[in-house]
Amino acid sequence: MIRNVSRLVRKTKEKKPHVQKNHDDSKPQDTLHKNYYQNVETFRSVYNNCSDVMFRPFLLFGKTKATIIYIKGLTNIEGIEEFVLSPLMNEPNNVPSSINEFLENKMPVSTVIRVNMLADCIESISSGNPILLIEGESAGFSLGLAKWEKRGIEEPIAEGGIRGSREGFNESLEINTSQLRRIIKSPALKIQSMKIGNYTKTTVAVAYIDGLVDQTLIEEITNRLKKIEIDGILESGYIEEMIEDNPYSPFPQIMSTERPDIACANLLEGRAVIIVEGTPFTLIAPISFFSLIQSHEDYYQRFMVGTFIRWLRFVFLGISLLLPSLYVAILTFHHEAVPTSLLLSISASREAVPFPAIVEALIMEITFEALREAGVRLPKQIGSAVSIVGALVIGQASVQAGLVSAPMVIVVAITGIASFMMPRYVAGIALRMLRFPMILLAGTLGLLGIMMGVIAIVIHLCSLRSFGIPYLSPLAPLKGRELKDVLWRAPWWMMDTRPRLTGESNLYRQAPEQAPNPKRGSETE
Amino acid sequence: MEKGKGRLFMKNILLLILICGVTLIVSGCWDRVEVNDLAIVTAAAIDKKDDNQIELSLQVFIPKALSGGGSEGGGGMSGGGAVTMVASHKGSNISDALSKLQSEFPRRVFWGHCKVFIFGEKLAKAGIQEHLDFLLRHPQPRERAYVYVSEGKAKPILELLAPLERYSAEGLRELSDLHIGMKVTLQDLDEKLIGIVQAAALPIVDIHPPGKGQEKLQGEPYIAGTAVFKKDKMIGNLTEKETRGILWIRNEIEAYTVTFKPGAEKGEISINPIKASVKLVPEIRNKKWIMVVKIDTEGTIIQNGTNLNLSSPKSIKVVEKAFEKEIEKRIELAFQQTQQELKTDILGFGEEFSRKYPDKWKKNKGRWNEIFPEIELETEIKAHIRRQGYITKPGGMPEKEVKEQ
């Protein structure tokens with residue numbers, strides 16, 4: 001039977017069509033022609049049927065033919081009129097001998113680049129910088145006049161907080177990098193960019209701090225990025241899936257954030273940040289599992305509060321993974337493991353319930369997930385309606401109708417809240433997903449099954465790597481002193497070292513022994 | 001190369017999921033028992049019947065009775081009604097009776113939460129060993145369940161509808177936890193019976209008859225004394241007062257008020273011992289076996305019916321002396337009873353001697369039943385009164401009448 005099954009699997013695999021490699025028609029490798037008319041014609045044919053691309057022919061200094069090509073909406077049209085057309089269309093008293101020189105020295109435009117390749121011209125036009133073609137020149141001039149509508153800097157929606165910066169990344173790469181630069185003013189902050197996506201030509205930038213980061217990490221990241229050949233990158237999630245270490249894992253091995261302060265904190269610990277154009281979510285690599293259950297506010301609050309909240313998160317991490325399965329296991333196999341009066345109450349409330357505990361748990365958990373998902377996608381106005389329906393239907397009506405027992409509703413509610421405790425949404429959702437196999441195991445094998453599941457998950461976590469860094473570090477392999485930022489949050493004056501695995505090349509981040517120890521009033525006298 | 005590896009991995013994963021899924025479906029969950037299918041036994045009583053048979057009675061929880069609202073809109077639930085029922089059946093032993101009982105019972109009998117076992121007096125006198133065997137061998141009954149002997153038949157105790165607790169067994173268990181009487185678990189009983197002196201003591205349960213206006217079954221079970229077992233047979237009992245003395249010697253006294261007359265004064269004083277350390281020091285002097293009971297206790301005054309001013313050290317001394325006397329009296333009473341009347345070492349003296357004098361114990365092990373009635377008891381009691389409560393002078397008494405001593 002197994003052989004047949006595997007044959008089946010193999011067959012379906014073989015039917016998969018071969019990936020077409022590099023069929024990019026829009027990438028002519030030619031240089032520009034010497035003939036002006038031919039160049040214009042080439043561009044016209046490239047931009048055939050593109051109603052948003054404008055060709056504006058004019059006479060340079062009243063005699064030489066020239067054309068400026070730009071895309072409506074991506075280019076600063078006032079800028080073109082004021083700084084390009086008006087000085088160039090003037091008929092000056094003494095015509096400059098070299099147009100090249102005039103453009104470079106006398107045009108009031110910040111960047112003017114001479115572009116020889118047709119492909120580069122197209123790229124320049126696509127990114128909003130108009131191209132100026134001039135009769136007698138075998139090159140175009142790219143003018144830095146890109147300007148398009150951008151969303152302003154707003155509060156990060158997915159990662160709110162009480163204390164800390166309220167600025168979030170947005171869809172524009174320039175704004176994002178500028179936010180990093182505004183926080184880290186040192187020139188050691190390096191930002192390397194490349195374009196990925198045959199059609200979208202999305203700019204992807206890798207930011208890191210020279211001297212803190214391990215150079216091999218940057219090489220590895222750029223190598224993995226360079227290997228990507230894809231039609232388009234619409235979100236950093238594409239990149240994440242294409243470059244992570246173990247694609248078959250429910251746990252994310254690259255963290256995403258829309259907060260510049262989180263990105264910078266990670267840069268300062270020797271990690272790299274990958275910024276992708278078109279999404280506010282930047283990627284951070286490498287990470288460990290514990291990065292996912294830490295929040296930026298842990299570091300902004302007093303260290304005792306931060307530590308307390310971290311411990312709370314550990315507890316609720318366990319609850320969100322195990323509570324429903326424990327409930328099912330105890331109710332189907334281990335009735336003696338709960339206090340008598342609790343069992344009596346549970347058995348009384350379950351008396352009218354027609355389903356076995358495992359079915360009840362699955363129904364409730366699936367309903368909860370559906371409600372959550374519905375609430376996320378719906379517009380805000382309808383979202384509240386969903387929550388009311390959810391609370392009434394799964395909370396009250398189902399209990400009153402005797403379909404579900406009240407303790408089960410409590411268990412599901414606590415589990416739901418527990419999974420929202422995870423500061424990283426992706427980590428919470430991974431645990432929520434693993435809950436279902438755990439419930440099945442609990443319903444069939446009891447506590448034994450739960451233990452098997454937990455062991456399997458722990459083994460899996462131990463085997464994971466994020467760009468070569470063990471996923472459970474510094475707990476496994478154990479690095480005692482590194483636990484200062486994992487099991488608790490040490491006060492800032494004690495966090496003298498960076499995490500060893502990412503910041504080894506420059507271990508000390510601050511001067512030692514900075515614990516505030518002011519003299520008392522009487523001693524100063 | 002890499003893609004091939006991934007494909008293989010996917011294939012393996014698919015296979016694994018398939019196999020796991022099939023195992024789950026094919027095997028089913030054969031041990032699975034829903035709570036709805038359980039008859040949760042809260043207490044069990046075993047009585048002896050005439051024709052060499054026993055009667056097993058189980059107090060079983062009725063979930064329907066508690067689930068007030070429920071699907072039917074909560075109709076017909078008598079408030080404060082019975083949440084348990086008693087099912088009983090005769091048989092030649094527990095397992096026989098149980099199997100017969102089960103055949104008439106729609107739910108599976110579940111012992112896991114049975115915390116009270118009551119042996120009928122008749123059965124206790126005939127011997128409990130074979131029944132203990134069932135309870136200890138079966139995986140479900142808890143070894144930390146409490147064991148009792150009933151005054152008369154045991155079944156009526158289960159039938160009681162305790163007004164205060166959910167069911168009568170719960171009330172009995174709470175009573176034991178208060179430590180007013182003897183508190184013996186299944187495991188303690190087993191250890192005592194297989195121990196070196198083979199004697200055990202179990203609390204006796206009696207029914208406090210229902211008061212006026214209460215229904216017939218609304219009595220409360222209470223602990224009325226101690227049953228003394230030699231080997232596995234009950235040979236006699238101790239009254240409540242004698243039980244206190246036993247508890248003093250066994251260092252199990254907890255929440256019990258001692259009321260006594262201090263010296264020549266009028267009126268009585270009540271003291272609650274807060275802390276007591278009891279040491280049994282066995283000695284063999286001139287071939288005489290002597291047990292020295294050293295007690296160091298601290299008490300708090302909870303009522304002062306005399307005219308003593310308890311803030312003065314002198315009067316405290318008087319009260320302390322009287323307190324010591326009272327404890328001594330109780331201990332001696334209990335000792336007398338166990339030594340002279342019952343001739344059974346439920347106090348654990350044998351163990352103390354065997355620890356201190358292992359050689360002599362080995363020689364005289366067989367004669368312990370003869371030695372025990374001749375042991376002399378010496379007491380060294382130190383009582384301290386540490387707290388007087390909120391007031392120091394007798395409450396509600398004019399200054400003139402207070403006696404400063």
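Me: The expected span of a helix is 1.5 Å times one less than its number of residues. What span should α17(A) have, and how far apart are its end C-alpha atoms?

Reply: This is a predicted model, in which local features need pLDDT of at least 70, side-chain atom pairs count only at pLDDT 80 or more, and totals for chains, interfaces and linings use all residues. Residues are numbered from 1 along each chain as its sequence is written, while chains are lettered from A and ligands numbered from 1 in the order in which they are written. With its 21 residues, α17(A) should span 30 Å, and its end C-alpha atoms are 30 Å apart, which agrees. Helices (H or I, at least four residues) and strands (E, at least two) are DSSP runs, numbered from the N terminus.

Me: Where does α17(A) bend, and what follows the helix?

Reply: The bend, about 25°, is at F436(A), with the proline P437(A) following within four residues; a bend is the angle between axes fitted to the seven residues ending at a residue and the seven starting there. After α17(A) comes G446(A), whose phi is positive, near 70°.

Me: How do α17(A) and α18(A) cross, and which residues meet?

Reply: The axes of α17 (425–445) and α18 (447–463) of chain A come within 7 Å and cross at roughly 145°, where axes are lines fitted to C-alpha atoms, for helices over the stretch in contact, and angles run from 0 to 180 degrees between N-to-C directions. Among the residues that meet are L434(A), P437(A) and L441(A) from α17(A), and L448(A), G449(A) and I457(A) from α18(A). By class, this contact of α17(A) with α18(A) has ten nonpolar, three polar and no charged residues. Here Ala, Val, Leu, Ile, Met, Phe, Trp, Tyr, Cys and Pro count as nonpolar, Asp, Glu, Lys and Arg as charged, and the others, Gly among them, as polar.

Me: Switching topic, what is the strand order in the five-stranded sheet of chain A?

Reply: The order in this open sheet is β6-β7-β9-β10-β8, with antiparallel pairing; two strands pair if DSSP finds at least two bridges between them. At the edges stand β6 (189–196) and β8 (255–257) of chain A, each with a single partner strand, so one side of each lacks a neighbour in the sheet. From one strand to the next, the twist averages 25°.

Me: Which helices pack on that sheet?

Reply: Helix α6 (173–183) of chain A touches β6, β7, β9 and β10 of chain A, and its direction makes about 5° with that of β7(A). Helix α7 (215–227) of chain A lies across β6, β7, β9 and β10 of chain A, running at about 170° to β7(A). Inside the sheet, β7(A) and β9(A) pair over four bridges, and V204(A) stands opposite V276(A) in β9(A).

Me: What about the sheet in chain B?

Reply: Four strands of chain B form an open sheet in the order β10-β11-β12-β13, and the pairing is mixed. The edge strands are β10 (258–260) and β13 (376–387) of chain B. Three bridges join β10(B) to β11(B), which run antiparallel, and T259(B) has S270(B) as its bridge partner.

Me: And how many residues of chain B are in contact with chain A?

Reply: There are 29 residues of chain B in contact with 29 of chain A, contact being C-beta atoms, placed from the backbone, within 7 Å. On the chain B side, α1(B) gives the most, with eight residues, and the residues of that side divide into 15 nonpolar, seven polar and seven charged.

How values were computed: Contact = placed C-beta atoms within 7 Å.
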